[in-house]
Amino acid sequence: MSSFVSVANENGVAVVTINNPPVNALSFHVRKPLYEALAVLRDDPAAKAIVIACAGRTFVAGADITEFGKPVEQPELRAIIALLETIAKPTIAAIHGTALGGGLELALGCHFRVADRGAKLGLPEVTLGLLPGGGGTVRLPRLVGAVKALGMIVSGAPISAGEAKATGLVDETFDGDLLANAVRFADEMADRGGPFVPVGDRNERLAETDLAAFDAQAVDLARKTRGLEAPLACAKAVRNAIALPFDEALAAERQLFAKLVSGDQSRAQRHLFFAEREAAKVPGKDLQKRRIERVGIIGAGTMGGGIAMAFANGGFPVTLLETGEEALQRGLAMIEKNYAVSVSRGSLTEEAKQQRLGLFKGSTDYADLADCDLIIEAVFEDMAVKKEVFGRLDAIAKPGAILASNTSYLDVDAIAASTSRPQDVLGMHFFSPANVMKLLEIVRAEKTAPDALATVTDLARRIGKVAVVVGVCHGFVGNRMLSARGAENEALLLEGATPAQVDKAFTDFGWPMGPFQMGDLAGLDIGWRNRKARGQTAVIADTLCEEGRFGQKTGRGWYRYESGSREPLADPEVEALIRAKAAERGIEARAIGTEEIIERTLYPLVNEGAKILEEGVAARASDIDVVWANGYGFPVGKGGPMFWAGLEGAGRIIERLEYWHQRTGRAIFEPAPVLRRFAETGRWESARG
Ligand code: T1G
């Protein structure tokens, strides 16, 4: 045997245990001894049944993603599953933790699946730009039906053991000692006697398929996942399971998988999978974390309320502080309304809503924050206001409490300097809506203590956030790069592009929407206020705002909106305004193509990321990709701006940046040295090593 796979015999039931920390991935060094053990047990008269279980915190969480892109070492998972289906004696998968991807496919190769009641089961391959490549697309529909299987495989979302039992994916669920219960179940199956039909031979559920419903769902899913190849391939593979004989459908699955795994989109999505985990590896991550039991939030507005919900959703008691009772009640009412919407949508039970609301304590007295271990301010984005808040916090917060600012742009060093405890001060930049958006930029100020940083980075996972540690500069990583991406927007309009053309270039690239639609959605007045605060102007956007055209909320912005509709419609008044402003500047309109739009928006985006690396504001290029994929909708199939630069070709990016720099003289086009070195070496460097 090997240290990764062991076999025991429990009164005639063979127990095969996989032990490959941390998540029992089906690496080659697991697959080989597993195959060998099963081949022996198949013919071993001393084994009347076989249980496959895992040591550690979870059942097999999938194939080993680090092996993709390398030569496949035999036996593959498919061979193990094929072997399993030749075994006449009962085979049982004992599932705890998360049976995901190849792990669930291994379990589907068994006659039976039993699960711990708290387990989750899923086929998340689509999130890696793949499809289940171990027979999942042809076996899962045979247990749960094609429509349910389609939803699971295209969404990649896991289901609970309870739901799995209800749908026929799992035969039994247990509390307590899973292995003992699994062995007993195996014993009973052996005593009951066969024949034991492999999942691959069960066709009843497939025969029930409502093809019209299936095809309608597949079309709807395809519409929602525009630009990504994997969801379409997933749907096709499940359709094959209905339409083709098992072996043909299995062969077709393999072909679809082979195409995806070698494609750019899957490479990009696998890059993001590991990048998110790398981003959490902050210096000092193994230091003793500070105890965070109670969280204080200052400001019950949109951001403060959203942040408070994020912590309550993670089970933390929250003290929500406002300056006055009316603002406080308004904030609490908004929170209750948000939860009520989730309940009405079925994404939250009434019981869970009440449980979460029970975690809130409202206050208008700073003294009520004295027992908080973490206090986050989400007050008005003004340095003087922030300094006043932190000065008051310094006076009342308990020693060791972490004091965080939700500022989007401001200098956290300056905020920290308004306290006597700069080592406890950092930024926690949430993205609106804060209870939904996954990205959390954690701003490391000059004096922030490493254990404070590690504590908040670890806390982020507990509230379902993807944390990226960033340095102090105006706009940190995301917003600073957003400014670079948008710097040419008005120039493009003045020179002849329309808002719709620019937005279409973005949506064709894979963004959920373009900058002008986004502006209308967020409200043009926000940018207007920021520009005025910094003494900046935007010749067209300022005029729109002066005319009260703030976007969707006023029915008019860059686009016009029919009442009750969010559909952006071209507005001749806006186009006339653009032409008038251009004429004032003697700018003749010309045709502007998609390529030019990309070169003048996304190439400066990459270039600013390179400057951020140069300054050490981000520790890794992959951190920048995590920021943009989780906070700004950068298409995951392109892996983030820095990964995409490799796909696009850094040499071409530099050449076009130099062209626009020569033509406009604008600094955003001056290629950063780190970008030039990336073009030479293919590797991104950072000042932080
Ligand atoms: N392969 C290799 N390494 C993996 C891995 C995997 N499948 N899953 C996790 N890791 C590493 C991860 O990088 C991290 O490493 C450590 O384990 C802990 O992970 C043929 C083709 C299981 C829910 O997509 O969703 O099967 O940073 O920090 O928060 O059809 O890991 O410590 O060095 O995420 O407790 C399908 C991916 C694969 C599941 C646990 N399976 N994993 O979450 O820990 S493709 C997946 C997860 C496939 C078949 C197809 C999560 C988790 P390090 P972690 P966690």
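Reader: How far apart are the end C-alpha atoms of residues 475-561, and how much of the span is helix?
Author: This is a predicted model. In it, those end C-alpha atoms lie 31 Å apart. The span is 60% helix and 0% strand.

Reader: What about residues 597-687, how much helix and strand there?
Author: That stretch is 68% helix and 0% strand. Its end C-alpha atoms are 30 Å apart.

Reader: Which domain does UniProt list for these residues?
Author: An unreviewed UniProt entry lists residues 475-561 and 597-687 as "domain: 3-hydroxyacyl-CoA dehydrogenase C-terminal".

Reader: New topic: the ligand. Which residues come nearest?
Author: Arg 57, Glu 105, Glu 125, Arg 277 and Arg 461, out of the 27 residues around the ligand.

Reader: Where does the backbone come in, say at Ala 63 or Ile 65?
Author: A polar backbone atom of Ala 63 is 2.8 Å from a ligand oxygen. For Ile 65, a polar backbone atom is 2.9 Å from a ligand nitrogen. Gly 102 has a polar backbone atom 2.8 Å from a ligand oxygen.

Reader: How much of the ligand does the protein bury?
Author: 76% of the 1,000 Å² that the ligand exposes when taken alone.

Reader: Which element gives the largest share of the shell?
Author: α12, with three residues. The shell divides into 14 nonpolar, six polar and seven charged residues.

Reader: Last one: is helix α4 mostly covered or uncovered?
Author: Mostly covered. Nine of its nine residues, 136-144, are buried. Just after α4, Gly 145 takes a positive phi of about 95°.

Note on methods:
Residues numbered from 1 in each chain as written. Predicted model: local features only at pLDDT ≥ 70, side-chain atom pairs only at ≥ 80, totals over all residues. Heavy atoms only, no water. UniProt positions renumbered as here; feature names shortened; annotations may be inferred. Helix = DSSP H or I, 4+ residues; strand = E, 2+ residues; numbered from the N terminus. Buried < 20%, exposed > 50% of the residue type's maximum accessible area, 1.4 Å probe, protein only. Near = heavy atom within 4 Å. Polar contact = N/O pair within 3.5 Å; in protein donor to acceptor, adjacent residues only side chain to side chain. Areas by Shrake-Rupley, 256 points an atom, 1.4 Å probe, with all protein chains shown as cover. Nonpolar A, V, L, I, M, F, W, Y, C, P; charged D, E, K, R; others polar.
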